[in-house]
Amino acid sequence: MQYLLLFFLAFTLAAVITPLIKRVAAKFKVYDLPGPVRKIHNRPVPFLGGLAVYLSFLIALLIYLKFGHVNFHIVPVKFFLGIIFGGLVLVIGGALDDKFTLPPKILWLFPAIASAIIVWSGIGVGIKFITNPFGGVININHNFQFLIFNFQLSALLVWLWMMGMIFTTKLLDGLDGLCSGIALIGGLTMFLISLGPKVNQPITASLAIIFSGVLLGYLIYAFNPASIFLGEGGSTFLGFALGVFSIILGAKIATALLVMGIPILDVAWVIVRRIWYHRSPFLGDRQHLHFRLLDIGLSQRQAVLVLYGISAVFGGVAVFLQSLGKLIALVILFCVMLFLAISTVILYKRQHPHIPDLFDYAEKQGVDEKSKV
């Protein structure tokens, strides 16, 4: 019953706060304007959706901490402060970028600081090993020194993991409701795993169900045709939250990889192709899988639902499989990504035989000036 109440509370908060944030974005003229290549909308759409998501999550979290059955001996207050302030850094940086279009050399600092806050909070730093899918464990309880600084290996891995998750959802945010919908699937997956007898973490389950309720309430306005966009702060906050949940669950890295596997592999695929064709890996174009699905004739809704379906299937698999099973599922997921990538290329070539090289698409259309992969 507590989980249902938390879900309904978070859903209601997001459903009420999001239209208010839309008015704020309109008042301060924080819009995503139509443009070439990646921007497929034909009208100005308000940004700051991430602010609505963060505020809804924050209010629901504070209510839970005040009235819920929270054992602060298991999860110290410092952990929650890390989530709150880390998310705040991302939302502030994102709002500034949405309004003023910050240069990339400054923009990456906000995720780096937010990830460092999680390390400071102690979330995951005490992890001494990760499960070896072939049996046994892998010890990560090591210290190493760089110049005058002494680092714990687990702290470095937590920081790198957080950065990876943040940039995965950041780069996934290309179609209406895509990023928030897949993050919702990820949140529900984390919730179900938290309830399992081998994990049994009510606090993590509560955080995940609050996160899921917020995203469902936000999706009322974000699904195609979207009336508000997440913006930089929202897209990064979603990966931040999923990264934190997977760490608190006991380094459930494989679980997060199964849910977010398609976006992660897509980013890797795109970067490798750009380097292969002597292009900057940091300039945005339409080579991501979700744009490829549009190029072969799918509508925005159809493309988003296809990717929802893949994430939901592998997220469901993650709930029931153990380590070796998850490794096998990751291999299957890689094959699915490879099949989708090759299939979209072949279909596009058949539909557009006059284009000699599919990878010249960005040059023919122009590329984003802003460094968003």
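**Values set against cut-offs**

Biologist: Why is lysine 29 called exposed?

Modeller: Its relative accessible area is 60%. Exposed means over 50%, buried means under 20%, and partly exposed lies in between (1.4 Å probe, protein chains only). So lysine 29 counts as exposed.

Biologist: What stands behind these values?

Modeller: This is a predicted model: local features need pLDDT of at least 70, side-chain atom pairs count only at pLDDT 80 or more, and totals for chains, interfaces and linings use all residues. Residues are numbered from 1 along each chain as its sequence is written, and side-chain values use heavy atoms, with hydrogens and water left out.

Biologist: Where is lysine 29, and what is its phi?

Modeller: Lysine 29 sits in the loop between H1 and strand E1 (31-32). Helices (H or I, at least four residues) and strands (E, at least two) are DSSP runs, numbered from the N terminus. Phi of lysine 29 is near 55°, positive in a residue other than glycine.

Biologist: Leucine 48 also has a positive phi, near 75°. Is leucine 48 buried or exposed?

Modeller: Its relative accessibility is 9%. That is under the cut-off, so leucine 48 is buried. Leucine 48 lies in the loop between strand E2 (45-46) and H2.

Biologist: What covers the buried residues of H2?

Modeller: The cover includes helices H1 (2-27), H3 (77-100), H8 (202-222) and H9 (231-248). Among the buried residues of H2 are Val53, Phe57, Leu61 and Leu65.

Biologist: What makes a set of residues a nonpolar core?

Modeller: Its members are buried Ala, Val, Leu, Ile, Met, Phe, Trp, Tyr and Cys residues, joined through side-chain atoms within 4.5 Å. The largest core has 98 residues, and Phe57, Phe211, Leu238, Phe240 and Val244 touch the most other members. H8 gives the largest share, 13 residues. A second, separate core of 5 residues includes Leu102 and Phe110.

Biologist: Which residues does phenylalanine 57 contact, beyond four places in sequence?

Modeller: Contact means heavy atoms within 4.5 Å. The partners are Ile83, Leu207, Ile210, Phe211, Val214, Phe237 and Phe245.

Biologist: Which peptide bond is cis?

Modeller: The bond joining asparagine 224 and proline 225, with omega about 0°. Proline 225 is in the loop between H8 and H9.
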